[in-house]
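I opened this model today to look up a few things for my notebook. I wanted to start with the strands and then go on to charges.

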Amino acid sequence: MKKVVLILTICTFSISMAQIKVAMDIGGSAKLSGNGSEMTGSAKSGFTLGYDHVLGSAGSLDYGAGLEYQLNRGAEYSGNDLGKFGFTSISGFLHYNYSESIYTGSRLGYAIMFSGDDDFAGDNDLKGGIGWGAHFGYNINEQMGVELSYNSNDGTMDVGGTEVTFRYTRLSVSFLYSL
């Protein structure tokens, strides 16, 4: 019986420090660079689903880890559709709490998966890369909050034996729900 109580206590604590996120990524920039040339296009709006877990606190600073999954979104260059792409990333984050309601923070992570449809990727091998973000958040109450953030994801593509870097930057508006 003691083991069951201990396991339930640990599970309750773990869930109580968890937060799910739904973000609307507002367009943005999609840039390809390699072999001394660069091509910048635009990315269409899309949604990102996320999970953050606060691992601890030190005064006004919270720190934790998270996972984000971007639903594929389109990209275009000079009016031409380049197909759809998305990143799946793991990251660490820091939040500095100014009050119980207002905080700022940053995120640093790695895209464990960079994917694209046949129009975007073709036969090219896609690999993840570094991702980062900066955000401003407002806690509406103990369970709900909103964030405004600027985010960047990098990935690489092997195009005909040449490594090409792909960088996706955007503004995001997120709704957060604490479990």
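The entries below record what I looked up, and the model they refer to is a predicted one.

**Entry: strands 1 and 2**

I began with strand 1, which covers residues 18-34, and strand 2, which covers residues 37-43. The two pair in the antiparallel sense over 6 bridges. To place myself in this pairing I looked for L32 and found it opposite M39 in strand 2. The two strands form a hairpin with 2 residues between them.

I then looked at N35, which lies in the loop between strand 1 and strand 2. N35 has a positive phi of about 55° although it is not a glycine. I noted for myself that most residues other than glycine have a negative phi. Is N35 buried or exposed? It is exposed, because its relative accessible area is 69% and the cut-off for exposed is over 50%.

Next I followed strand 1 to another partner. Strand 1 and strand 3 (residues 46-58) pair in the antiparallel sense over 8 bridges. I picked out A23 here, and its bridge partner in strand 3 is T48.

Strand 3 also pairs with strand 4 (residues 61-70), again in the antiparallel sense, over 10 bridges. Which residue in strand 4 is the bridge partner of A58? I found that it is L61. Strand 3 and strand 4 form a hairpin with 2 residues between them. In that turn, G59 has a positive phi of about 65°.

I went back to strand 2 and looked up its pairing with strand 5 (residues 73-77). These two pair in the antiparallel sense over 2 bridges. S42 has E76 in strand 5 as its bridge partner.

S78 has a positive phi of about 50° although it is not a glycine. At 63% relative accessibility I wrote S78 down as exposed.

**Entry: salt bridges**

How many salt bridges are there by the rule used here? The count comes to 5 salt bridges. I looked up three of them in turn.

I took R170 and D25 to begin with. Their side chains meet in a salt bridge of 3.8 Å, N to O. R170 lies in strand 10 (residues 162-178) and D25 in strand 1, so the pair ties together parts that are 145 residues apart in sequence. R170 is buried, with a relative accessible area of 4%. D25 also counts as buried, at 1% relative accessibility.

I went on to R107 and D52. They form a salt bridge in which the closest N and O atoms are 2.8 Å apart. R107 lies in strand 7 and D52 in strand 3, so this pair ties together parts that are 55 residues apart in sequence. Are R107 and D52 buried or exposed? R107 is buried at 9% relative accessible area, and D52 is buried at 3%.

I ended with D154 and R167. The closest N and O atoms of this salt bridge are 2.7 Å apart. D154 is in strand 9 (residues 144-159) and R167 in strand 10, and the pair links distant parts of the chain, 13 residues apart. Here I wrote down two labels: D154 counts as buried at 15% relative accessibility, whereas R167 counts as partly exposed at 35%.

**Entry: strand 7, S106**

I stayed with strand 7, which covers residues 102-116 and holds S106. S106 is partly exposed, with a relative accessible area of 34%. I then took the separation from S106 to V173, which is 67 residues away along the chain. Their C-alpha atoms are separated by 15 Å.

**Entry: charge on the surface**

I checked D119 separately and found it in helix 2 (residues 118-121). D119 is exposed, with a relative accessible area of 61%.

Note on methods. Residues are numbered from 1 along each chain as its sequence is written. This is a predicted model: local features need pLDDT of at least 70, side-chain atom pairs count only at pLDDT 80 or more; totals for chains, interfaces and linings use all residues. Side-chain values use heavy atoms; hydrogens and water are left out. Helices (H or I, at least four residues) and strands (E, at least two) are DSSP runs, numbered from the N terminus. Buried means under 20% relative accessible area, exposed over 50%, partly exposed in between (1.4 Å probe, protein chains only). Two strands pair if DSSP finds at least two bridges between them. A salt bridge is a side-chain nitrogen of Lys or Arg within 4 Å of a carboxyl oxygen of Asp or Glu.
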